[in-house]
Amino acid sequence: MKLLGKYVDKGMQGNVTLMPEESEDMWHAYNLIAEGDSVRSTTIRKVQNETATGSSTSSRVRTTLTIAVETIDFDTQACVLRLKGRNIEENPYVKMGAYHTLDLELNRKFELRKPEWDTIALERIEMACDPTQSADVAAVVMQEGLAHVCLITASMTLVRSKIEVSIPRKRKGSVQQHEKGLAKFYEQVMQSILRHVNFDVVKCVLIASPGFVRDQFHDYMFQQAVKMDNKLLLDNKSKFMLVHASSGFKHSLKEVLQDPAVVAKMSDTKAAGEVKALEQFYMMLQCEPAKAFYGKKHVLRAAESQAIEMLLISDNLFRCQDVNLRKEYVTLVESVRDAGGEVKIFSSMHISGEQLAQLTGVAALLRFPMPELEDSDDDDDEDGAAGGDDSDSD
């Protein structure tokens, strides 16, 4: 994301002008824009023109519109952000108050104005405009005949390609058809890696599978690389890492990212930080339940006592339509930081973020035990707290 202009006054009012440059920037924009904000961008509008003879023609014109955002639709597959709202500035083609849809696209700038900017929104801009926050981990989870090629960025796990090939079973006396099917499958997976993995940015490519599929694929890929003299693969051989996964489905990534060897290799990525924090939380939940809590009520009470050492919170909670609720969560984050605690904002499009969402989206590791919070469980219906058996329900 490119920051083209920013003006926020002391009263936290103002606007920023941004240009999304890659698909992940759309995810950041989705997290930044809320209902009630106004967005100014160029759009195509169909205009009806009537001639003197009474016949009408329609033409498409490009115009700049400012709308007060009412609905936000994010297409994760196409990475398109669609905003719908009423026009709030004079325009020759669109009446004041008329509804219009703005499609935010790559390499098209937009100006965002908020009634009030908070620290979370300003942090999101900093993060989005930091070029080092790109996809630096790729993963291939596979089993015979099925593979998912994923990119793991600071904010989300993107499935770039799904490969399915039916492989004939091994038959007695003839394994030729089986071998042929496997070779076809491995070739497609290899081509997908070459197409979707940017080795200039990616620090680590995880190949995960049950059994020996990963080893066989790895051998096949580098035999082909030698045969074809594929410098790209040969030069980056050290970046490949083979790990165990229970299947070739996307959800197997969760266990892959928890593998200690993988965590060590990925130690400088945000994704690893989130996975590690969640692991710590689950461990504390089992060993010292009076120091690990989840659910808004318990976490807010722990924050009041300045007891939170690490706050785990989902970015989903900052997209809520209730302005007061959002403010409550922003205040929580600020109070934890002011008290010297660490805050980890999880992306709801990450495997770890999906897990946190099952724990109500907010959890905390405490500096000291607060058993009195456990005692308040009985009168709390909707929020969970420490000590439950559902801590690793996934």
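Strand E9 (residues 146–152) is joined to E10 by seven bridges, and the two run antiparallel. Within this pair, Cys150 stands opposite Val159 in E10. The model is predicted.

**The five-stranded sheet**
- E9 and E10 belong to an open sheet of five strands, ordered E10-E9-E8-E11-E12, with mixed pairing.
- Strand E10 (157–164) and strand E12 (240–244) each have a single partner strand and stand at the edges, so one side of each has no neighbour in the sheet.
- On average, neighbouring strands here are turned by 20° against each other, direction ignored.
- Helix H4 (residues 213–228) packs on the sheet and touches strand E8 (137–143), strand E11 (204–209) and E12.
- The direction of H4 makes about 160° with that of E12.

**Residues 1–130**
- An unreviewed UniProt entry places the feature "domain: eRF1/Pelota-like N-terminal" at residues 1–130.
- This span is 15% helix and 50% strand, and its end C-alpha atoms lie 8 Å apart.

**Nonpolar cores**
- The largest nonpolar core has 29 residues, and Ile33, Val39 and Leu83 have the most contacts inside it.
- Two or more residues of this core come from each of strand E2 (14–19), helix H1 (23–32), strand E4 (56–75), strand E5 (80–87), strand E6 (99–104), strand E7 (110–114) and helix H2 (119–128).
- Leaving aside neighbours within four places in sequence, Val39 is in contact with residues including Ile33, Leu65, Leu83, Leu102 and Phe110.
- The contacts of Val39 also include Thr66 and Glu111.
- Another core, of 28 residues, lies apart from the largest one; among its residues are Ala138, Ala147, Val149 and Leu182.

Terms used. Residues are numbered from 1 along each chain as its sequence is written. This is a predicted model: local features need pLDDT of at least 70, side-chain atom pairs count only at pLDDT 80 or more; totals for chains, interfaces and linings use all residues. Side-chain values use heavy atoms; hydrogens and water are left out. Two strands pair if DSSP finds at least two bridges between them. Helices (H or I, at least four residues) and strands (E, at least two) are DSSP runs, numbered from the N terminus. Axes are lines fitted to C-alpha atoms, for helices over the stretch in contact, and angles run from 0 to 180 degrees between N-to-C directions. Contact means heavy atoms within 4.5 Å. UniProt positions are given in the numbering used here, feature names are shortened, and annotations may be inferred rather than shown by experiment. A nonpolar core is a set of buried Ala, Val, Leu, Ile, Met, Phe, Trp, Tyr and Cys residues joined through side-chain atoms within 4.5 Å. Buried means under 20% relative accessible area, exposed over 50%, partly exposed in between (1.4 Å probe, protein chains only).
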